[in-house]
Amino acid sequence: LTGLYNRVYFEEEMRRMEGGRFAPIGIIVCDLDGLKLVNDTMGHDAGDVMLLTAAGLIKRFFRDSDVVARIGGDEFSVILPRSPWTVVENACRRIRDAVENYNLNQPQLPLSLSIGMAVSNDATVNMADLFKEADNNMYREKLNQGQKARRAIIQTLWRDLEKREFVSAGQTS
């Protein structure tokens, strides 16, 4: 659907990049907030649009040597070889800024991503541990902003429902 690598490929690349040849190395994990709510209320076509939009926003900030993948239904991850903390942190900021700009210009369905990152300078980096650290950081952010994202989606759905009710209330059968 998204044109990104899948989880199997992502995990193969994590194994390939162990051992320090690619240090410093970073991992970013992004979770698309509210996808289940959109799928359940607006249908999977609307959810697919959200996934495609998120994938497009995420992948445009990375080099060919970076591995950008959709690793789950609503999760994306990026491996950034030879990338110090500042490079990975700036990539996260660019993703956040792109989501904010998207929401300013596309008010019909807000997009929200929870983002976590981790970086290792260690020559004996364990990529599974690095991924777990980034994933934990993402979940920490999700706890902080998850309710806000759900409220924004519900407000959008409510506005759409009110518009439909208003239009249908003025019609006679």
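Is Phe131 buried or exposed in this predicted model? At a relative accessibility of 13%, Phe131 counts as buried, because buried means under 20% relative accessible area.

**Close-up 1. The aromatic pair of Phe10 and Phe131 is edge-to-face.** Two aromatic pairs are found when the whole structure is searched, and one of them is formed by Phe10 and Phe131, whose ring centres lie 6.0 Å apart. The planes of these two rings stand at 65°, so the pair is edge-to-face, given that planes over 60 degrees apart are counted in this way.

**Close-up 2. The rings of Tyr5 and Tyr9 form a stacked pair.** The centres of the two rings are 4.0 Å apart and their planes meet at 20°, so the pair counts as stacked, the cut-off being under 30 degrees. Tyr5 is partly exposed, with a relative accessible area of 40%, and Tyr9 is also partly exposed, at 28% relative accessibility.

**Close-up 3. Thr53 is a buried residue of helix 3.** Helix 3 spans residues 44-59 and includes Thr53, which has a relative accessible area of 19% and is therefore buried, since the limit is under 20%. A polar atom of the Thr53 side chain lies 2.8 Å from the backbone oxygen of Val49. When neighbours within four places in sequence are left aside, Thr53 is in contact with Tyr102 and Leu111.

Terms used
Residues are numbered from 1 along each chain as its sequence is written. This is a predicted model: local features need pLDDT of at least 70, side-chain atom pairs count only at pLDDT 80 or more; totals for chains, interfaces and linings use all residues. Side-chain values use heavy atoms; hydrogens and water are left out. Helices (H or I, at least four residues) and strands (E, at least two) are DSSP runs, numbered from the N terminus. Buried means under 20% relative accessible area, exposed over 50%, partly exposed in between (1.4 Å probe, protein chains only). A polar contact is a pair of N or O atoms within 3.5 Å; within protein, one must be able to donate a hydrogen and the other to accept it, and residues adjacent in sequence count only if both atoms are side-chain atoms. Contact means heavy atoms within 4.5 Å. Rings of Phe, Tyr and Trp (its six-membered ring) pair if their centres lie within 6.5 Å; planes under 30 degrees apart count as stacked, over 60 as edge-to-face and the rest as tilted.
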